Structure formats: structure tokens, C-alpha cells
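Thanks for coming. Please have a look at the model on the screen, and then I will go through it.

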Amino acid sequence: MHRSSVPAASADGPLQPDFNAALVWGRLSRFSQHSMARRALGVGVAALLAYYAVSKSVEIGDRSLLVLLNGLTAAGLYFLMASGFTLVFGLARVTNLAHGGIYLLGGYGALSVQRTTGNWFLAALLGALFAGGVSVVLYLVLRLLRGDGLRETMLTLGATIVIADQVLATWGGIPTDLDPPSFLTGSIDLPGSTLLYPKFRLAVVALALLAGLLLWVLLYKTRLGMLIRAGVDDPEMVSVLGIRVPLVLASVFALAGALAGIAGAAGGTYLSLAQGEDNRILLASLIVVIAGGLGSLRGAGAASVIVGLVEAFAQTHHPVLSVLITFGMLTAILVLRPHGLMGGAADASA
Amino acid sequence: MQALRHSASGRLLASCALLLLLGAAIAATPALVSDFVLLQIVIKSLWLGIAGTSLAFLIGQAGLISLAQTAVFGTSGYLMAILVLDHGLSIWAAVAAAAFAGPVSGLVIGVISQRSSGLYLMMLTLAIGVFGFFFAQQYQPITRGHTGFNGFDAPIILGADLGEREPLFYVTAVAAVAVVALLRFVTRTPAGLAYRGLRDNRRRLQALGYSTAATTVSAFAVAGFSAGIGGVISVWYNGAISPGSIDLTRIIELLIVVTIGGTIHLEGAFLGALVVTLLRNYANEFTNRTETLVGAVFMVIVLISRHGLLGIFINAKSQAHKALKFFGGQRLASEKEAVV
């Protein structure tokens with residue numbers, strides 16, 4: 001083994017014995033890590049993109065307003081999903097890949113309630129409770145693994161399959177949707193133009209804002225929120241102080257599940273409930289959470305607006321390229337900020 | 001016995017014996033099982049296992065959990081189908097291009113995710129894998145969208161039509177042995193040591209002067225090779241490839257295959273592939289919710305064992321040995337070493 005006798009790093013950089021291209025690689029990555037170079041590159045690219053977005057939007061005139069609103073609506077839904085996902089990750093260090101499945105359960109649960117009672121709000125409430133309950137059950141199963149992160153994540157993947165198959169068995173495979181509450185059916189005129197926009201979609205934005213506000217109050221103005229924030233920072237210390245961490249964890253899982261359930265009811269109303277919707281929403285919330293920084297609620301908020309707007313823009317102007325554009329944006333964010341917009345380094349190593 | 005194990009010529013002898021044994025087993029299989037089992041179980045688990053070894057290699061050797069291997073699998077499969085059906089290339093040129101595309105797309109995924117590890121890597125690669133699915137579904141001019149490519153004729157090799165059961169079985173089995181041999185060879189090179197360093201202790205690897213980024217990227221490239229081969233054979237087997245071949249269900253299926261088998265040894269992927277294929281084929285005789293059963297089996301195995309079925313076997317074996325040793329005294333002490 002010649003490698004055990006490798007000399008100390010020489011003047012032209014660390015020795016990387018087994019890869020011939022390693023030196024070139026090192027130079028390139030050191031250049032890309034240089035803060036000035038990165039900042040200049042970032043500003044330049046951002047300016048170009050902004051110019052492009054504005055000029056494209058001016059081209060289609062009025063209809064840009066619709067693009068903007070579509071983006072905000074999507075952002076609302078993504079925030080409802082991503083906030084729960086990121087809270088669970090921040091506190092329990094669990095990547096809950098069954099979050100999309102729980103969204104679908106909330107939506108379908110609400111559908112069943114609406115079919116019997118006809119009341120949208122009752123349906124959304126019970127759907128959220130149902131989803132929150134499933135989420136807590138998932139937490140109880142995850143507890144058996146005692147913090148082995150990767151196995152926990154695999155377990156949630158298994159749960160995704162079971163949930164999707166059970167949804168198919170219970171509600172069938174034909175796409176369906178909920179009816180919006182009567183005072184939110186139809187459209188309203190947009191000021192300053194001849195365009196119409198569905199009322200319910202605007203209500204989704206309001207719902208997301210309300211959820212964000214309530215989450216803020218919960219996290220920063222209540223005792224539970226204080227415990228949650230403390231748990232995110234230092235779980236061991238919190239348990240040493242005699243706090244029942246499992247209870248806090250269970251309530252965060254319930255909260256995340258309920259948020260996903262409400263998202264399911266809202267998404268099931270203005271989009272549709274179908275097989276595969278769970279994957280679509282899971283991908284979107286993963287992108288939002290990764291771009292925003294794992295465990296960061298503010299990051300989730302900022303990233304859901306960015307992802308929603310970029311997606312709506314891309315779908316209007318480049319329908320064929322839309323997935324590539326969303327994904328390119330994620331890659332760009334990760335290149336510039338490896339731990340997401342507002343993620344700390346600690347989040348990524350966990 | 002002990003001396004034989006450790007001498008170079010002894011190892012060579014053992015490998016030759018193993019190869020002969022494998023060859024005999026491969027030659028005998030078509031005669032031993034029915035046509036249905038050969039096609040639906042054996043060949044299917046072989047190509048699924050080949051694709052699985054790519055993930056087993058990444059997880060077991062380098063500690064990188066990648067959910068993007070179906071994207072590599074799909075790139076190779078799609079590339080071959082596109083080159084033959086849309087561009088009229090000869091089949092072997094297309095196969096060569098597809099085999100080459102495996103490591104290349106692995107390289108690209110590696111470059112994107114070079115700075116991530118652990119859960120973050122898992123999520124990033126999941127996004128890449130699902131992106132691969134949406135790409136296949138949306139890029140109609142290149143990928144034919146929803147329907148994908150149908151009616152792909154398997155090539156003819158030395159006069160044997162790979163559209164037939166037995167020739168396809170022999171080629172797939174040989175490919176499986178070759179892929180495992182290649183990956184095993186890599187694990188014994190200095191690069192293989194670097195991968196294990198990545199798995200066990202990133203910081204120490206870095207302190208030794210290795211670039212963890214370059215190590216990660218090259219691990220993805222190596223793994224891309226077997227995923228690509230798996231993709232090529234799957235298209236021969238199915239005669240088709242569509243977005244459904246690389247959707248989230250398939251991504252999870254590959255992880256299930258590897259987790260059920262266990263990642264201590266690369267061959268675990270074939271064990272996992274066999275279990276999953278058996279479940280998919282025979283579970284509907286006692287339940288019509290096959291997927292639920294597959295998911296539940298997966299969850300149970302994750303819950304009870306860190307290293308899948310292989311881990312359970314190895315654990316049982318060492319337990320049995322402990323018991324034997326307890327009853328048999330010192331007689332088994334030398335054998336214990338052989339097991340470890």
C-alpha cells in the first residue's frame with residue numbers, strides 16, 4: 001500500500017493520489033468557492049434572468065397578472081406542505097417522504113366527508129384531523145427505530161407505497177375533486193383588466209398566509225413553540241431539562257400531518273385528487289424544502305414563493321421546458337448556497 | 001484450509017471453482033425450472049438485481065444513498081431505444097452507446113450531488129430521479145411522452161435470438177456475473193478503499209488528502225455502469241420503455257430490492273430482486289393488494305434488520321455458532337475465525 005506513506009500536502013495543493021484529474025478539479029472547485037467570484041456570478045446571472053423574466057412578461061401584457069396569481073396559488077399550497085415537512089425535519093430529523101401520501105389521505109378523507117355532509121369546511125377540518133392522526137401513527141412506528149435517520153426515511157418510503165395502494169383500494173383510481181364552498185365558487189374580476197380569476201384560488205393564498213401567521217404565533221408566542229424551537233436547536237439539552245420530548249415530537253407530527261391534510265383538501269378542490277398526485281406534490285415540496293434550507297420555516301416560505309412563481313412562469317412561457325427550468329433553479333440555488341437559502345451547515349450534515 | 005484461503009494461488013483456485021460452480025448452475029437452470037418461472041421470475045430478478053447492484057454498491061461501499069439510479073437506468077434504456085427506433089442505428093452500436101451512457105449519467109448525477117451526504121443527498125437524488133421521470137413524460141419529441149417506446153426487438157447474438165427465453169437468460173446471467181465481478185474488482189482497488197473511507201469517515205478521508213467530491217463523483221460513475229446495463233437488458237426483456245419504467249414506484253422498488261437483500265454484499269441485490277419478483281408474481285393468489293404487501297414487507301424488514309435479509313442470515317449464523325461453541329467447547333474455535 002503506497003498510500004499509507006503519502007507525504008504531507010505539498011505547496012501546490014493537497015495531494016490527491018488516486019485521481020489524475022483531481023488537481024484540475026481542485027482548482028475549479030476552489031475557484032467556484034471563491035466568494036467574490038461566486039457573488040459576481042450570482043449577481044450577473046440573477047440580473048440576466050430578471051431582465052428575461054420582465055421582458056417575457058411585458059410581451060404577454062395583462063395575462064402576466066394571471067401568471068403571477070397562479071404562481072402565488074401554487075406557492076400557498078407548497079408552503080402548507082413544506083412548512084410541516086421542514087418542521088418535522090428540524091425537530092425529529094426525520095425526512096418524511098410519506099408527506100405526499102398524507103396529503104392525498106387528507107384530500108380523500110375530506111372528499112368522503114363532503115359527499116356525506118356537503119360542507120367544505122367540515123370536510124377540510126376532518127380531513128386535516130385524519131391526516132394528522134395518520135401522521136402521529138407514523139411517528140409511533142418511527143419511534144421503534146430510535147433515531148436511525150436513514151432507516152426512518154426508508155420506513156416512510158414504505159409507508160408511501162402502502163398509503164398509495166390503500167387510497168387506490170378505498171377511493172378508486174378515477175380522478176375526482178371536491179366542490180369549493182358556495183361563496184367561493186366562480187370567479188372575480190381582476191382590477192384594471194378584463195380578466196377573471198377563480199375565487200377559490202385566491203382563498204388558497206389567504207389560507208397559506210393565515211397558516212403562516214398561526215405557525216408564527218405558535219412557534220414564537222406559545223410554550224409549545226418555545227419547546228419546539230429549543231428542540232430544533234438542541235434536542236438532548238431539552239430532554240435533560242425534563243421536557244417530554246416524545247410528546248413535543250408527536251404534536252409536531254400531528255401539526256405537520258394536519259397542514260398536509262388541509263393542503264390536500266385545498267389542492268383536491270382546485271386541482272384534482274388522483275393517483276400520482278402524491279408524488280407530484282412530494283417532489284414540489286422536496287424542491288421547496290431543499291431550496292429553502294432544511295429545517296428553516298422562513299426558508300420554506302421564501303422558497304415556496306420562488307418555486308411557485310418560477311414554475312408558473314415556466315409553464316406559461318416554456319411549457320415543454322418547465323420541469324427543466326424548475327430543476328435548474330434548484331441546482332443553481334444549491335451551487336450558490338449548498339445548504340439552501342436559509343439552511344445552516346448543521347442541517348445538511350444530519 | 002486457513003493457509004489456502006490466504007495464499008494468492010489459493011484465492012485464484014477458489015475463484016475458479018466458484019466460477020465453474022456458477023457456470024454449471026447457470027447452464028442447469030433452464031432445465032430445472034418451468035418456462036414461466038424462467039421468464040417471469042429468474043430473468044426478471046436477474047436484470048432487476050443488476051440494476052440493484054448499482055445502488056447496493058453506492059450504499060454498501062460508499063455510504064451514498066442514491067434515489068437517482070432509475071434516472072441512469074432510464075437514460076441508457078431510452079438512449080438505446082431512441083437510437084435504434086428513431087435514428088435507425090445498428091443495435092450493437094446503440095447498445096455500446098447505452099452502456100457508455102450509464103457511467104456518463106452517473107457522473108453527471110455525481111457532479112450535481114458531490115457536496116451532499118446523508119439525508120440531504122437522499123432528497124437531492126430523489127428530486128433528480130423524479131425529474132428523470134417527468135423529463136421522459138414531457139419531452140414528447142425525444143421520448144414520445146406517455147407511451148414511450150414499444151416494439152423494441154431484442155438483438156440476435158451468435159445466431160441466438162434474445163427475444164427467446166433461454167438465450168436471454170444466458171446473456172442476462174453472464175451479464176450479472178460480469179457486473180458483480182467488475183464491481184467486486186473495483187472494491188479491491190485503492191479507489192474502492194477510498195469509497196469505504198467515504199462511508200466510514202469523511203473527515204479522515206479528507207485529512208488523508210482525498211477529495212471527497214471527486215470520490216463521490218467517481219463512485220456514482222462506477223455505479224452508473226451497472227444501472228445502465230440493467231436498463232439495456234430491461235428494454236430487451238420488456239421490448240418497451242416508458243415513463244412508467246422509471247417513476248417513483250420504480251425508484252422505491254430499487255431501494256426496496258437493495259434494502260430487503262442487504263448491502264453488506266453486492267449479491268444481496270439479487271436476493272432482494274428475487275423476493276420482490278416472487279411477491280409481485282404470487283402474492284395476488286392470497287391478496288389483491290400486492291403493493292400494500294410489498295410495502296409492508298419492506299417496512300417490517302427495515303424495522304427488524306439493519307442489513308436486510310442477508311443481515312438476518314448472517315446474524316442467525318453467528319448466533320448458531322455461538323450456541324454450538326457453547327455446547328461443543330473449543331472444537332469450533334478455529335471455524336469461528338473462518339466465518340468472520
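Two residues are in contact if their C-beta atoms, placed from the backbone, lie within 7 Å. Helices (H or I, at least four residues) and strands (E, at least two) are DSSP runs, numbered from the N terminus.

This is a predicted model, in which local features need pLDDT of at least 70, side-chain atom pairs count only at pLDDT 80 or more, and totals for chains, interfaces and linings use all residues. Residues are numbered from 1 along each chain as its sequence is written, and chains are lettered from A and ligands numbered from 1 in the order in which they are written.

Confidence comes next. pLDDT is the predictor's confidence in each residue, from 0 to 100. Chain A has a mean pLDDT of 83, with 88% of its residues at 70 or more. Residues 1-18 of chain A have pLDDT below 50.

Now helix 7 of chain A, residues 199-221. Which of its residues are buried? By buried I mean that 20 or more other C-beta atoms, placed from the backbone, lie within 10 Å of the residue's own. They are A:F200, A:R201, A:A203, A:V204, A:L207, A:A208 and A:L215. Their cover includes helix 3 (63-92), strand 2 (196-198), helix 10 (245-270) and helix 12 (297-317) of chain A.

Last, the two chains. In chain B, 41 residues are in contact with 46 residues of chain A. On the chain B side, helix 6 of chain B gives the largest share, 13 residues.

Methods: The expected span of a helix is 1.5 Å times one less than its number of residues. A residue is buried if 20 or more other C-beta atoms lie within 10 Å of its own, exposed if 12 or fewer, and partly exposed in between; C-beta atoms are placed from the backbone.
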